[in-house]
Amino acid sequence: MMAKPRVDHILIFMNRSFALLTAAALLSGCQTFAPDAPDGTPPVADPSVVAAQAQPQVYRNFSQETLLSLLTAELAGQRNRFDIALENYVQQANATQDAGVAERGFRIAEYLGAEQPALETSLLWAKTAPDNIDAQRAAAVQLARAGRYDESMTFMEQVLQRQGDTHFDFLALSAAETDPQTRAGLLQSFDRLQAKYPENSQLQFGKALLLQQDDRPQEALELLEQQPSKNRPVASILLHARLLQSLERNDDALSLLEKGIEQYPDDKRLRLTYARLLVAENRLDDARSEFSSLLQQEPNDDDLRFSLALVSLEAEAWKEAIVYLEELVERGSHTDAAHYNLARAYEELGNIPSALLEYSLVGPGNDYLPAQARQSQLLFKLQRGDEASNRLSQARDSQPDYAIQLYLIEAEAWSGQQNIERAWQAIQQALEQFPQDLNLLYTRAMLAEKRDDLALLEDDLRFILEREPDNAMALNALGYTLADRTTRFAEAKQLIEQAHQLNPQDPAILDSLGWVNYRMGNLDEAERFLRLALQAYPDHEVAAHLGEVLWAQGKQKEARKLWREALKQQPDSEILRSTLLRLTGAETL
């Protein structure tokens with residue numbers, strides 16, 4: 001009788017085309033489930049790689065049961081049944097206490113985003129491979145993800161002792177949403193380690209991140225400023241620059257980034273941050289130059305191309321912007337935004353037909369309604385209001401999800417032309433389809449005021465307030481109308497004060513407070529609120545109101561000066577001219 005073969009010889013009798021090559025290498029911890037595949041494809045075994053790695057390996061003994069379980073896992077992985085592969089590997093990692101099996105289980109769990117198995121297998125891998133930096137680092141990261149920060153720091157310290165790259169930055173970032181007590185405890189752990197390793201830049205960077213999250217930018221900045229400027233990591237430079245920006249030290253941030261670019265001239269993150277800061281500083285020509293250099297380095301990066309187009313628009317380099325925007329359309333990238341901004345550029349160049357065409361090409365998305373609104377404004381300016389209405393009607397048919405907003409655009413456009421009846425028709429048509437839409441009802445209320453239908457205005461605004469008692473805009477509109485068009489001053493003041501409690505800085509509400517106090521004879525209070533409103537929002541209507549209060553106080557000279565300045569800014573203001581005519585007997589000063 002032939003002797004039973006030993007378990008470690010069982011591989012000799014298996015099919016060498018798959019089982020030998022796969023099992024031998026994989027059971028020794030080969031990482032063929034690649035967690036970071038660049039194309040996002042599932043991890044599978046590569047026989048050629050396995051064959052190359054299999055020859056020098058020395059394999060430990062596994063029981064038949066373990067071997068069968070692991071081979072089943074590999075076959076399951078080949079068939080995209082990663083749930084089975086993970087379950088088997090976790091089970092066998094615990095059963096065998098083998099570092100290679102634990103690592104492979106961890107890689108699969110990490111790839112699948114299975115948090116608990118990833119934590120379990122990473123801790124087992126770290127335990128069974130105490131000298132492996134990758135194992136200790138993996139355990140630290142998984143513990144941090146699980147919110148077990150003190151334990152994570154212990155593993156991080158082991159990596160630090162072996163002079164490996166740590167993930168103190170990940171540890172700090174993972175604590176961003178935790179409670180202050182947890183962050184305070186983590187900071188203490190950082191302080192303890194920093195006392196041991198005072199020159200360690202990784203620790204300094206991680207602690208600086210934590211301080212930034214704790215809204216302590218000055219302390220974070222002081223920590224980073226201790227780092228030597230030579231060979232600083234890019235991430236540290238970027239954080240340093242952000243901290244300087246948060247402290248409104250943009251010039252220092254620009255200088256820091258310039259030095260960083262000298263050290264790392266090909267680093268896209270540094271150059272992009274620098275370019276964006278140049279835009280924030282309104283150094284648009286410099287920003288265009290920087291974005292252009294970036295685009296030359298990355299000619300297929302359409303985000304850069306779009307940024308360059310926007311900066312060119314801000315710099316009023318219309319023709320240059322058009323070149324980049326047309327490239328985006330040709331490449332099928334940022335298409336709707338490109339059409340919208342092409343229209344803007346053509347408008348500025350006076351090419352209205354091209355602008356109208358580009359606005360019409362903007363599809364559903366963030367730029368759709370602004371494009372429809374601007375297209376309508378242009379057509380009304382060209383005295384083509386009926387065409388604008390027809391286009392908006394067609395847009396409502398083709399994009400019914402935007403119907404309400406498109407009705408509002410049409411009503412506003414007609415109202416802007418002082419054609420209240422056409423605006424009224426548009427809103428009434430809209431309300432036939434959407435009878436309880438609050439935006440439509442609010443717009444109808446404003447039109448009702450222009451038609452002297454105060455009863456309907458009040459009905460619509462009361463309807464809105466029944467459903468949204470804290471609608472500050474409706475409270476203010478009703479209160480102001482009652483103060484301006486009726487003698488129900490006490491009721492008006494109560495409504496406006498309620499709106500003021502909701503939005504105390506809103507200049508429209510401050511104007512209403514001033515006006516109701518004026519109507520009630522409280523001239524000092526009226527002046528105070530109207531000055532606050534005019535300071536926050538230098539508007540011709542507010543100027544008309546404040547001037548009238550000053551006039552009533554006997555400050556005619558100051559009132560005339562205020563009106564004169566307001567007329568320079570808004571020469572066609574109806575409320576200014578009617579106020580002047582009523583108080584001085586003339587429409588001009």
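Tutor: Helices (H or I, at least four residues) and strands (E, at least two) are DSSP runs, numbered from the N terminus. Here, helix α32 covers residues 556-569, and Gln 556 is in it. The model is predicted: local features need pLDDT of at least 70, side-chain atom pairs count only at pLDDT 80 or more, and totals for chains, interfaces and linings use all residues. Numbering runs from 1 along each chain as its sequence is written, and side-chain values use heavy atoms, without hydrogens and water.

Student: Is Gln 556 buried, partly exposed or exposed?

Tutor: Buried means under 20% relative accessible area, exposed means over 50%, and partly exposed is in between (1.4 Å probe, protein chains only). Gln 556 has a relative accessible area of 31%, so it is partly exposed.

Student: Which residues does Gln 556 touch, not counting those up to four places away in sequence?

Tutor: Contact means heavy atoms within 4.5 Å. By that test, Gln 556 touches Leu 550 and Trp 551. Now look further along the chain. Thr 584 is 28 residues from Gln 556 in sequence, and their C-alpha atoms are 9.9 Å apart.

Student: Leu 550 and Trp 551 belong to helix α31. What span is expected for α31?

Tutor: The expected span of a helix is 1.5 Å times one less than its number of residues. Helix α31 (residues 540-552) has 13 residues, and 18 Å is expected. Its first and last C-alpha atoms are 18 Å apart, close to that value.

Student: Why is α31 called largely enclosed?

Tutor: Because 10 of its 13 residues are buried. They include Val 542, His 545, Glu 548 and Trp 551. The buried residues pack against α27, α29 (507-519), α30 (523-536), α32 and α33 (574-584).

Student: What is found at the start of α31, and what follows it?

Tutor: Start with a polar contact. That is a pair of N or O atoms within 3.5 Å; within protein, one must be able to donate a hydrogen and the other to accept it, and residues adjacent in sequence count only if both atoms are side-chain atoms. After α31 comes Gly 554, whose phi is positive, near 85 degrees.

Student: How does helix α5 read?

Tutor: Helix α5 (residues 99-112) has 14 residues and should span 20 Å; its end C-alpha atoms are 20 Å apart, which agrees. Of the 14 residues, 10 are buried, so α5 is largely enclosed by the rest of the structure. Among the buried ones are Glu 103, Arg 104, Phe 106 and Arg 107. At the start of α5, a side-chain oxygen of Asp 98 reaches to within 3.0 Å of the backbone nitrogen of Gly 100. Just after α5, Gly 113 has a positive phi of about 70 degrees.

Student: Which residues does Thr 121 touch, not counting those up to four places away in sequence?

Tutor: Val 90, Ala 102, Gly 105 and Phe 106. Thr 121 is in helix α6 (residues 115-128). Its relative accessibility is 1%, so it counts as buried. A polar atom of its side chain lies 3.4 Å from the backbone nitrogen of Phe 106. There is also a distance of 3.3 Å from a polar side-chain atom of Thr 121 to the backbone oxygen of Ala 118.

Student: How many residues are in the largest nonpolar core?

Tutor: A nonpolar core is a set of buried Ala, Val, Leu, Ile, Met, Phe, Trp, Tyr and Cys residues joined through side-chain atoms within 4.5 Å. The largest one here has 127 residues, and Leu 257, Phe 291, Leu 325 and Leu 461 have the most contacts inside it. Helix α27 (residues 472-485) gives the largest share, 8 residues. A second, separate core has 20 residues, including Ala 73 and Leu 86.

Student: How many aromatic pairs are there in the whole structure?

Tutor: Rings of Phe, Tyr and Trp (its six-membered ring) pair if their centres lie within 6.5 Å; planes under 30 degrees apart are stacked, over 60 edge-to-face, and the rest tilted. The search finds 7 pairs. In one of them, Tyr 368 and Tyr 402 have ring centres 4.8 Å apart and planes at 50 degrees, so the pair is tilted. Tyr 368 is in helix α21 (residues 368-381) and Tyr 402 in the loop between α22 (385-398) and α23 (403-416), so the pair ties together parts 34 residues apart in sequence. Another pair is Phe 380 and Trp 414, with centres 4.6 Å apart and planes at 85 degrees, so it is edge-to-face. Both of these residues are buried.

Student: Where does the charged end of Arg 467 sit?

Tutor: A charge sits over a ring if NZ of Lys or CZ of Arg is within 6 Å of the ring centre and within 35 degrees of the ring normal. Arg 467 has its charged end over the ring of Phe 463, 3.5 Å from the centre. Arg 396 lies over the face of Tyr 407, 3.9 Å from the ring centre.
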